[in-house]
Amino acid sequence: MAQQKNEFSEHMSFEFLELLRKKNPAWRLLASPQAPLVAAFLYKEFIAKNRRLVAEQELISRLESFIDRLSQGRSARLFPRTGREYLDDWANDEHGWLRKFYPTGQDEPHFDVTSLAQKAIEWLLSLRQQTFIGTESRLITVFELLHQIVERSETDPGLRLAELERRKAEIEQEIGRVQNGQVVLLDETQIKERFWQAMTIAREILADFRAVEQNFRDLDRGMRERIATWDRGKGELLETVFNEQDGISESEQGKSFSAFWKFLMSSSSQEDFQDTLDKVLQLSAVRNMGTGRNIRRIHHDWVNAGAHVQETVAALSQQLRRYVDETFLEEERRINQIVREIEGKAVAVRNNPPPEWEMKIDGVAPEFSFPLDRPLFTPPRRPEIKDDAIGAGVEDVPAEALFSQIYVDKDKLKDQIGYLLQTQDRITLSRIIEHYPLKLGLSELVTYMVIASESPQAVFQPEDVEEVSWTDETGMRRVAKMAKVIFQRA
């Protein structure tokens, strides 16, 4: 008990809180004079819409329009700086409320709200006056979680069986009461309380995704710093990197997210959640609460947010493989050495940047262009055309090769997927092929897989295998086994 008190006092010591006040972006946001502007705008553009990245020009335009609306009816503009200046200020290391980055294949910077900024905004949302505080539902949640811990960690089979028998007896008693017409229903207050608690947790899950993504980025940054300062053999480096990469997937963060993603992508889980949510939203007590469209599509937001985390982890892994997969040819050895030196120095000064710095470029000289230096006009040379006879070719050359090429219209396949998603939220590739059979065989199937790999609305499930069949040009039935591919409505 004394040790626990010491740990608690260390976590809430004056020194710790003083350091947190200076370094933590969430605290800096709450203490900033710009907090109402920052929190209102970031909530509107990112959190309320569950958006994960916005292009720079679009976000600048939205911020300036937002400031103009706030300044209406005032003699002067409420916030005098430009939208670009505010965004760059919010994204620098001093504030850390936005993350500025370049997505793969993009030459325009994009922005996303950081997990700590979202945590501060979620805390501000919790300050709203509620009609009532749901203490009963939270107490039940605590009891259920504690019971799960005890039941799932018990190794004695006798005790496990005794607990199961006790629950079986309770269920049988409940069945008997229902058969006798003694049905106990939740009153309107209890329904509202439990629904409010469930939706609060559901929204908190969305906030957790950004924290999960940031944790993966921190693990990746640690590996990159180790690579940048590596001074031993490449074989040892590869072994260390692969061990670290396995450590990410085997870490508590990796295991928890993997289990959550597997449960979320289960077809039965999604259908069960959708059916249950629809039944709850039809209750009069819940309808009167004005839940809105966001709650109805919350599980779709989970899938989109989780898919973004999956894409981030895949991109980090791909970058890491490119980072260490270098061909040390003679002409590249010096370039790689210079890059390593630059990265090592960047890591060394990252936390302590110099207050003043300058750069010198060698070999720069002014360029002059004089009008009299232009050359005189030179007439073009006339081409000489020779009158040569063209010999006749062989007449019996087979022309079948010109007609044996296979062309798969990728846009047409995308249109077919979009048409089917107009009437349903999600559909598997096998169901798409049932509606539109493969006319070009394996080439068309491969094109579907390419579309899925390029689309953020497509998800691969390697643990689920499905079969796809078609008939080739000889009339033979062909069957392909592959991982299940699910397309979802954007």
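**Notes on the helix packing and cores**

1. Let's start with Phe41, which lies in helix 4 (helices are DSSP runs of H or I with at least four residues, strands are E runs of at least two, and both are numbered from the N terminus). The model is predicted, so local features need pLDDT of at least 70 and side-chain atom pairs count only at pLDDT 80 or more, while totals for chains, interfaces and linings use all residues. Residues are numbered from 1 along each chain as its sequence is written, and side-chain values use heavy atoms, with hydrogens and water left out.

2. Is Phe41 buried or exposed? Phe41 has a relative accessible area of 0%, so it counts as buried (buried is under 20% relative accessible area, exposed over 50%, partly exposed in between, with a 1.4 Å probe and protein chains only). Setting aside neighbours within four places in sequence, Phe41 is in contact with Leu59, Arg62, Leu63, Phe66 and Trp90 (contact means heavy atoms within 4.5 Å). Ile67 is 26 residues away from Phe41 along the chain, with 9.3 Å between the two C-alpha atoms.

3. On to the largest nonpolar core, which has 26 residues (such a core is a set of buried Ala, Val, Leu, Ile, Met, Phe, Trp, Tyr and Cys residues joined through side-chain atoms within 4.5 Å). Leu42, Phe46, Leu87, Trp90 and Leu98 touch the most other members. At least two residues each come from helix 3 (25–31), helix 4 (35–47), helix 5 (56–71), helix 6 (83–91), strand 3 (110–113) and helix 7 (115–126). Helix 4 gives the largest share, seven residues. There is another core apart from this one, with 23 residues, including Phe257, Leu264, Leu281 and Val286. As background, nonpolar side chains tend to be buried together in soluble globular proteins.

4. What does Leu87 touch beyond its neighbours within four places in sequence? Leu87 is in contact with Glu56, Leu59, Ile60, Leu63, Leu98 and Phe111.

5. Now helix 4 against helix 7: they pack at about 105°, and their axes are 10 Å apart (axes are lines fitted to C-alpha atoms, for helices over the stretch in contact, and angles run from 0 to 180 degrees between N-to-C directions). That makes helix 4 roughly perpendicular to helix 7 (under 35 degrees is roughly parallel, over 145 roughly antiparallel, 65 to 115 roughly perpendicular and the rest oblique). Helix 4 brings Ala39, Leu42, Tyr43 and Ile47 to the contact, and helix 7 brings Gln118, Ile121, Glu122, Leu124 and Leu125. By class these are seven nonpolar, one polar and one charged (Ala, Val, Leu, Ile, Met, Phe, Trp, Tyr, Cys and Pro count as nonpolar, Asp, Glu, Lys and Arg as charged, and the others, Gly among them, as polar).

6. Helix 5 and helix 6 have axes that come within 8 Å and cross at roughly 110°, which makes helix 5 roughly perpendicular to helix 6. On the helix 5 side, the contact uses Glu56, Gln57, Leu59, Ile60, Leu63, Glu64 and Ile67, and on the helix 6 side Gly83, Arg84, Tyr86, Leu87, Asp88 and Trp90. That contact has seven nonpolar, two polar and four charged residues.

7. Further along, helix 18 (residues 410–421) packs on helix 20 (residues 442–454) at about 70°, with the axes 10 Å apart. Helix 18 is therefore roughly perpendicular to helix 20, and their crossing is right-handed. Lys410, Leu413, Lys414, Gln416 and Ile417 of helix 18 meet Glu444, Thr447, Tyr448, Val450, Ile451 and Glu454 of helix 20. Here the classes are five nonpolar, two polar and four charged.

8. Arg297 counts as buried because its relative accessibility is 18%. Leu277 sits 20 residues from Arg297 in sequence and 9.7 Å from it in space, C-alpha to C-alpha.

9. Finally, the whole chain: 20 helices and six strands, with 30% of the 490 residues buried. Among contacts between residues at least 6 apart in sequence, 65% join residues at least 24 apart.

How values were computed
A crossing is left-handed if the near helix is turned anticlockwise from the far one by less than a right angle, and right-handed if clockwise.
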